[in-house]
Amino acid sequence: MDDWDTVTKIGSKTRGGSSQKETVVRGKSALNAAQRSGAIVGTEKKFATGNIANKPGTEGQRLTKVDRSDDIIPVQKVNAEIGAAIRNRRSQEGPHKMTQAELAKKVNAQANDIKTLESGQAIKNQALLNKVARVLKISPKTGLPIEEGKK
């Protein structure tokens with residue numbers, strides 16, 4: 001018989017008389033009865049995701065805890081003293097005298113960023129603050145001038 005002549009049927013109506021119908025047994029007593037009758041018994045562990053919502057999970061509890069928290073943490077702003085130190089150093093006569101636009105161009109930022117940084121209303125951006133401090137030769141933490149010989 002050639003492979004071309006054989007037919008493979010797929011579906012529920014294709015059962016022959018020789019094979020038994022597969023059944024799902026729920027419960028210990030039905031499983032024991034099937035084993036006593038001599039039937040072939042196979043057990044499988046099913047991994048269903050549908051019941052995960054019913055089981056206690058940590059993710060939902062964590063999100064609920066975050067939702068219920070009343071502690072609103074304010075965004076860290078730049079210290080107004082550092083902003084004043086930047087403004088004073090930039091406006092002093094000498095090698096560091098420049099406009100906000102010139103300083104922004106040197107640190108690769110926008111003039112508006114320098115304006116909000118000097119006013120003390122900017123959200124703390126340590127990278128920008130470090131660049132401005134390096135150009136103006138001031139300390140990014142205190143705003144005090146750094147001597148030329150020190151590093």
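Q: How are the axes of two helices, and the angle between them, defined here?
A: Axes are lines fitted to C-alpha atoms, for helices over the stretch in contact, and angles run from 0 to 180 degrees between N-to-C directions. The structure is a predicted model, in which local features need pLDDT of at least 70, side-chain atom pairs count only at pLDDT 80 or more, and totals for chains, interfaces and linings use all residues. Residues are numbered from 1 along each chain as its sequence is written, and side-chain values use heavy atoms, with hydrogens and water left out.

Q: What describes the packing of H3 and H6?
A: The axes of H3 and H6 come within 11 Å and cross at roughly 35°. Helices are DSSP runs of H or I with at least four residues, numbered from the N terminus.

Q: What makes a crossing left-handed or right-handed, and which applies to H3 and H6?
A: A crossing is left-handed if the near helix is turned anticlockwise from the far one by less than a right angle, and right-handed if clockwise. The crossing of H3 and H6 is left-handed.

Q: Which residues of H3 and H6 meet?
A: From H3, Ile 82, Ile 86, Arg 89 and Arg 90 meet Leu 129, Val 132 and Leu 136 of H6; contact means heavy atoms within 4.5 Å. The residues of this contact divide into five nonpolar, no polar and two charged, where Ile, Leu and Val count as nonpolar and Arg as charged.

Q: Why is Ile 82 called buried?
A: Buried means under 20% relative accessible area (1.4 Å probe, protein chains only). Ile 82 has a relative accessible area of 8%, and is therefore buried. Leaving aside neighbours within four places in sequence, Ile 82 is in contact with Leu 129, Pro 140, Lys 141 and Thr 142.

Q: Why are the buried residues of H5 said to line one face of the helix?
A: In H5 (residues 111-119), Ile 114, Leu 117 and Glu 118 are buried. Seen down the axis of H5, the buried residues fall within an arc of 95°, so they line one face; the arc is that of the directions from the helix axis to the C-beta atoms. Their cover includes helix H3 (80-91), helix H4 (100-106) and helix H6 (126-136).

Q: What makes a set of residues a nonpolar core, and which members of the largest one touch the most others?
A: Such a core is a set of buried Ala, Val, Leu, Ile, Met, Phe, Trp, Tyr and Cys residues joined through side-chain atoms within 4.5 Å. Of the 16 residues in the largest, Ile 86, Leu 103, Val 107, Ile 114, Leu 117, Val 132 and Leu 136 touch the most other members. H6 gives the most to this core, with five residues.

Conventions
Buried < 20%, exposed > 50% of the residue type's maximum accessible area, 1.4 Å probe, protein only. Helix = DSSP H or I, 4+ residues; strand = E, 2+ residues; numbered from the N terminus.
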